[in-house]
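Hi everyone, thanks for coming. Let's have the picture up, and then I'll talk you through a few spots in it.

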Amino acid sequence: MTEQRFLDDVQPGAELVAREYGPLSIIDTVRWAGLQENTQQLHYDRDWVREHAGLRTFIASGAYRQALLMRMLTDWLGPRGRLRKLGIRHTYSTFEGDTMRFAARAVEKSADPADPWIACELEGANQEGRQVLTGRCTLVLPTR
């Protein structure tokens with residue numbers, strides 16, 4: 001069971017959560033492509049990607065990476081928290097064999113007990129430390 005987080009326990013500047021996923025496999029991308037009905041060969045066909053896109057191998061869809069990031073956040077929140085808003089920008093691709101490390105840091109906190117939220121900066125990087133995404137989110141946390 002996930003531990004419940006409370007607004008009272010979070011301060012701006014705090015590193016909230018980090019999690020690593022991967023390495024990215026063809027099983028991950030094919031399952032995700034099937035779930036989304038995304039038939040773009042970019043996400044599963046190595047030969048096609050090399051010939052037509054000039055990439056070394058297939059890549060993860062942005063929605064797949066976003067889903068992993070959201071899972072990290074909602075797991076951290078606990079059952080009474082919720083993700084209110086999420087905005088991300090993909091800055092580099094995730095290729096077959098890459099790992100994805102996501103992290104969130106609190107940057108702002110509501111002073112209104114009737115609207116208890118924190119704003120976070122989000123960051124994603126691959127196994128080489130290269131940034132793959134940046135973002136910002138608003139999380140709603142219960143108070144004690």
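What you see is a predicted model, where local features need pLDDT of at least 70 and side-chain atom pairs count only at pLDDT 80 or more, while totals for chains, interfaces and linings use all residues. Residues are numbered from 1 along each chain as its sequence is written, and side-chain values use heavy atoms, with hydrogens and water left out.

Okay, start with Asn 126, which lies in the loop between S4 and S5. By the way, helices (H or I, at least four residues) and strands (E, at least two) are DSSP runs, numbered from the N terminus. Is Asn 126 buried or exposed? Buried, with a relative accessible area of 6%. The cut-offs are under 20% for buried and over 50% for exposed, with partly exposed in between, using a 1.4 Å probe and protein chains only. Setting aside neighbours within four places in sequence, Asn 126 is in contact with Tyr 92, Asp 98, Thr 99 and Val 132.

Now to helix H1, residues 26–36. Its axis and that of helix H3, residues 62–77, come within 10 Å and cross at roughly 100 degrees. Here the axes are lines fitted to C-alpha atoms, for helices over the stretch in contact, and angles run from 0 to 180 degrees between N-to-C directions. That makes H1 roughly perpendicular to H3, a label for 65 to 115 degrees. Who meets whom? Asp 28, Trp 32 and Gln 36 in H1 meet Ala 63, Tyr 64 and Ala 67 in H3.

Which residues of H1 are buried? Thr 29, Trp 32 and Ala 33. Down the axis of H1, the buried ones fall within an arc of 100 degrees, so they line one face of the helix; the arc is taken from the directions from the helix axis to the C-beta atoms. H3 is part of what covers them. On the other side of H1, Arg 31, Gly 34 and Leu 35 are exposed.

Last stop, Phe 102. Again leaving aside neighbours within four places in sequence, the contacts of Phe 102 include Val 17, Tyr 21, Leu 68, Met 72 and Leu 133. Charged residues turn up there too, among them Arg 19, Arg 65 and Glu 123, where charged covers Asp, Glu, Lys and Arg.

That's my tour, thanks!

Terms used. Parallel < 35°, antiparallel > 145°, perpendicular 65-115°, else oblique. Contact = heavy atoms within 4.5 Å.
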